[in-house]
Amino acid sequence: MFLLIATLLKFIFFGLVFAIGLAAVLTWMERRQSAYSQDRLGPTRAHFFKIGGKPFTLFGLLHIAADGASMFFKEPVTPKNADKFLFKIAPLIGWTTALVTLALIPFGPSLPSSVFPASWIPEGVETIYLQMAHVDSGILIVLAIGSLGVYGAAIGGWASNNRFALLGGLRATAQSVSYEVALGLTLVGILMAYGSTELGSIVESQNGLLFGFLPAWGLFIQPLGAVLFFIAATAETKRTPFDMPEGESEIIGYFLEYSSMQFGLFMLGEFLEIVVLGALFTTLFLGGWQFPHLIGTDSVSVFGLFTWNGPVAVAVSGTLVFCVKTFFVCSLQLQLRWTLPRFRYDQVMRLGWKTLLPLALINIFVTAGLIWWDPTLSILSYVSIGIILLFVLVVIAGPRRPPQVAHGH
Amino acid sequence: MLEQVSPSFLLFVPIALFTVAGACGVAFSRNIVYAAFSLLACFVGMVGLFAFLSADFLAVVQLMVYVGGILVLILFAIMLTNKISEVRRSNPSSNIVMGGVLMIVLITALLGVVFGFPWTVGAPQPFAATTETIGRAFLGSYLLPFEVAGLLLLAALLAAVVVARKEMTPAEQDGKGGTP
C-alpha cells in the first residue's frame, strides 16, 4: 500500500506537475523566445483583472490558461469521411508513450527506507527509488516505447482522410524509423561505459570527478555520443530543423484536420516529448541528479556557506538539480528552432543514414576499443576531452559565412 | 477447480484474451488497416505474456522489433498502397474451404499437444532480471550462432534491396543521376 501511494505521489510530482507543467510553460516560452529572436514582444496581454490600473499579466504566462480555455471551448470537428475511432485515439498515443518513458527516469537519488516511519514500510524494502518504475532493462524499454510514438502521427494522418495529412504521417514515419537506428546506436557507448541498462544505476555511475575537477558525466565520457543522441532525438520530436512532417509552408502536417483540444493534445504532446527528451538527455549525459562540489553522498553544501545534512537534503536538492538541468536542455531545444533553418527532405534522410549512422558506429567501435584497453575509463576520458576540444576548435576557427552587408534603414 | 484460481491466473486470462482477440481481428477484419492495428493489439498482448512469464528482456525486444519496427513498416506499406480508398474490400477472404481444412488439422494437432503432453509446473520463482544473462549468453557461449544469424539478416537485407530496386537504363541514369 505504501509503495502504491509512493508511486502515485511520484507520478503526481514528476509526471503531472513537473513534466506536463513544464510542457505548458514551454508553449509560452517558445512564443516569447521566437518574439525575442525576431525583435517582437510576443504574447503579453492575457489578463483576468487589473492591479492599480495595470493589467496583471505575469509576463504573459496567463496566455497558457487563455490558450487552454480557448481550445476547450472550440468545436471539435471530425471530417465526414474520417475513420472515427482511429481519428479520436491518435492524439492520445504520443501522450501515452511520453508518460510511460517518464516512469523509467530517476529524478532524484534513492532514499533509505529508514527516513519513513517503520510501520509504513513493507517487509524487505530497503530503498525507496525516486523513480516510478525501477526496471532492470530500463534503457531498452525507453527505446522500445520511443519507437511507438510514431503511431500517433501515422494513425492521425491516415485517419483524417486528407492527402496532406497522410503525407505528413508518412514523412513522420519515415523520419522516425530512420533516426531510431542512430538513436539506439548512440546509446551503446554509454551502455558499455557504465555497464548497465538500468537508468538509475547509469546515473549512480556518473558520480566522481575526472582530472579532479570535471564531473564524470556522460557528456565528458561520450561527447560524440551525446551530440549524435541530441540530434537524433531532436529529429524524433519532429521539431525544426527536422519539421518535415509538419512543414507549415508546404503540407501543414499530420494534424491538419484536427481542431479544438484534439489539436491541443497533439501540440502539448509535442512539448511533452521535448521535456521527455530533456529528462532523458539529463539522465544519460548530464549526470541526472548528480552535481559534484554541491551534492555529496549524504550532505549538501554550497561552497561551505550553507550545509544541510541527511538523505532528505540530498533527495530534495538532487531532484531540484535534475529539474533545472532538464529545463536547461529544453530551452536549448527551443533555441535551436530559432537558430537553424530547416532541412530539405532529402537532406534529412542523408543526414540520418549517411552521417549519423556511420558516426554512431565509429563511436561504438572506438569506445569499445578504449574500454577494452583500459577498463577504468581514464584513456576514454582523455580521448573524449580531446574530442570536446576539437568541437570547440571547429566552432571557433571553423569556416563561417562572410558578413552580410547590412540593409540601410 | 475454484481453488486453482490464483491471482496470476486472473492476470493471465485478460492478457491471453486480448492477444487472441487481436489475432482474430487480423484474420477477420475486412479493412486492411484495421487488420494491421489488430496485429498491433496481438503483439502488445504477446509483450504482456512475455512479461507475465518473467521474460522481461523478451518482452522489451518484442516491443522494439515487432511493434516499433516491423509493424510500422507494414503500416507504411499499407498507407502507400494505391487502392486504399476502397477500404471496404481491402482485405478479402479467399480459399475458405482449404483454410477450414487446414484450421481443423492444425487445431487438432495443437490441442493434442496441449492435452497430451505431461506439463510440469514448477514453483513460481521470484522475478529476476534476465537482460544480463541473455547478453552474456549471446556474446559468450552462443557467439558463433549469433554472428551467423547477423550475417544471414544482412544478406537478406541486401537481397531485398537488390530485388526491390528498379534497374535503371544508362539513359535514365544520365538523365536523373543524383538524389531523387
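Author: Start with a definition. A residue is buried under 20% relative accessible area, exposed over 50%, and partly exposed in between. This is a predicted model. Take Asp346(A) as a test: its relative accessibility is 19%, so Asp346(A) counts as buried.

Reader: And Arg350(A): buried or partly exposed?

Author: At 36% relative accessibility, Arg350(A) is partly exposed. The two side chains form a salt bridge, at 3.2 Å from N to O.

Reader: Where do Arg350(A) and Asp346(A) lie?

Author: Both are in helix α12 of chain A. They stand four residues apart, about one turn of the helix.

Reader: Which residues are joined into one network by salt bridges that share partners?

Author: Glu30(A), Arg239(A) and Arg337(A).

Reader: Step back to the general idea. Why can side chains pair at all?

Author: Side chains of opposite charge can pair when their charged atoms come close. Now the case here.

Reader: How many salt bridges are there over all chains?

Author: Seven, in a search of the whole structure. One of them pairs Glu30(A) with Arg239(A), whose closest N and O atoms are 2.7 Å apart.

Reader: Which parts of the chain does that pair link?

Author: Distant ones. Glu30(A) sits in helix α1, residues 2-37 of chain A. Arg239(A) sits in the loop between α9 (223-236) and α10 (260-285) of chain A. The two are 209 residues apart.

Reader: Apply the burial cut-off. Is Glu30(A) buried or exposed?

Author: Glu30(A) has a relative accessible area of 7%, so it is buried. Arg239(A) has 1% relative accessibility and therefore counts as buried too.

Reader: What does Asp243(A) form with Arg342(A)?

Author: A salt bridge, with the closest N and O atoms 2.8 Å apart. This pair also links distant parts of the chain. Asp243(A) is in the loop between α9 and α10 of chain A. Arg342(A) is in the loop between α11 (311-337) and α12 (345-373) of chain A. The pair is 99 residues apart.

Reader: Which burial class does Asp243(A) fall in?

Author: Asp243(A) is buried, with a relative accessible area of 4%. Arg342(A), at 29%, is partly exposed.

Reader: What is Gly288(A) in contact with?

Author: Leave aside the neighbours within four places in sequence. The contacts are then Val203(A), Thr282(A), Thr283(A), Val321(A), Phe322(A) and Lys325(A). Sequence separation and distance in space can also be read for a pair. Gly288(A) and Pro106(A) are 182 residues apart in sequence and 7.5 Å apart in space, C-alpha to C-alpha.

Reader: Turn to chain B. How many helices and strands does chain B have?

Author: Seven helices and zero strands. Along the sequence the pattern is α-α-α-α-α-α-α.

Reader: What share of chain B counts as buried?

Author: 20% of its 180 residues. Chain B exposes about 13,600 Å², and carbon and sulfur atoms supply 75% of that area. Now its contacts with a separation of 6 or more: residues 24 or more positions apart account for 62% of them.

Reader: Next, the interface. How many residues of chain B are in contact with chain A?

Author: 24 residues of chain B, against 26 residues of chain A. The area buried between the two chains is about 2,100 Å². Carbon and sulfur atoms give 79% of it.

Reader: What are the counts of salt bridges and of residue pairs in polar contact between chain B and chain A?

Author: Zero salt bridges. Two residue pairs are in polar contact, both at pLDDT 80 or more.

Reader: Which elements of chain B give two or more residues to the side that touches chain A?

Author: α2 (32-52) and α3 (56-80). α3(B) gives the most, with 14 residues. By type, that side of chain B divides into 19 nonpolar, four polar and one charged.

Reader: Give me one residue on the chain A side. What does Ser137(A) touch?

Author: Not counting residues up to four places away in sequence, Ser137(A) touches Thr197(A), Asp56(B), Val60(B) and Thr131(B). Ser137(A) lies in the loop between β4 (127-130) and α4 (138-146) of chain A. With a relative accessible area of 1%, Ser137(A) is buried.

Definitions and conventions. Residues numbered from 1 in each chain as written. Chains lettered and ligands numbered in written order. Predicted model: local features only at pLDDT ≥ 70, side-chain atom pairs only at ≥ 80, totals over all residues. Heavy atoms only, no water. Contact = heavy atoms within 4.5 Å. Buried area = accessible area lost by both parts, 1.4 Å probe. Salt bridge = Lys/Arg side-chain N within 4 Å of Asp/Glu carboxyl O. Polar contact = N/O pair within 3.5 Å; in protein donor to acceptor, adjacent residues only side chain to side chain. Nonpolar A, V, L, I, M, F, W, Y, C, P; charged D, E, K, R; others polar. Buried < 20%, exposed > 50% of the residue type's maximum accessible area, 1.4 Å probe, protein only. Areas by Shrake-Rupley, 256 points an atom, 1.4 Å probe, with all protein chains shown as cover.
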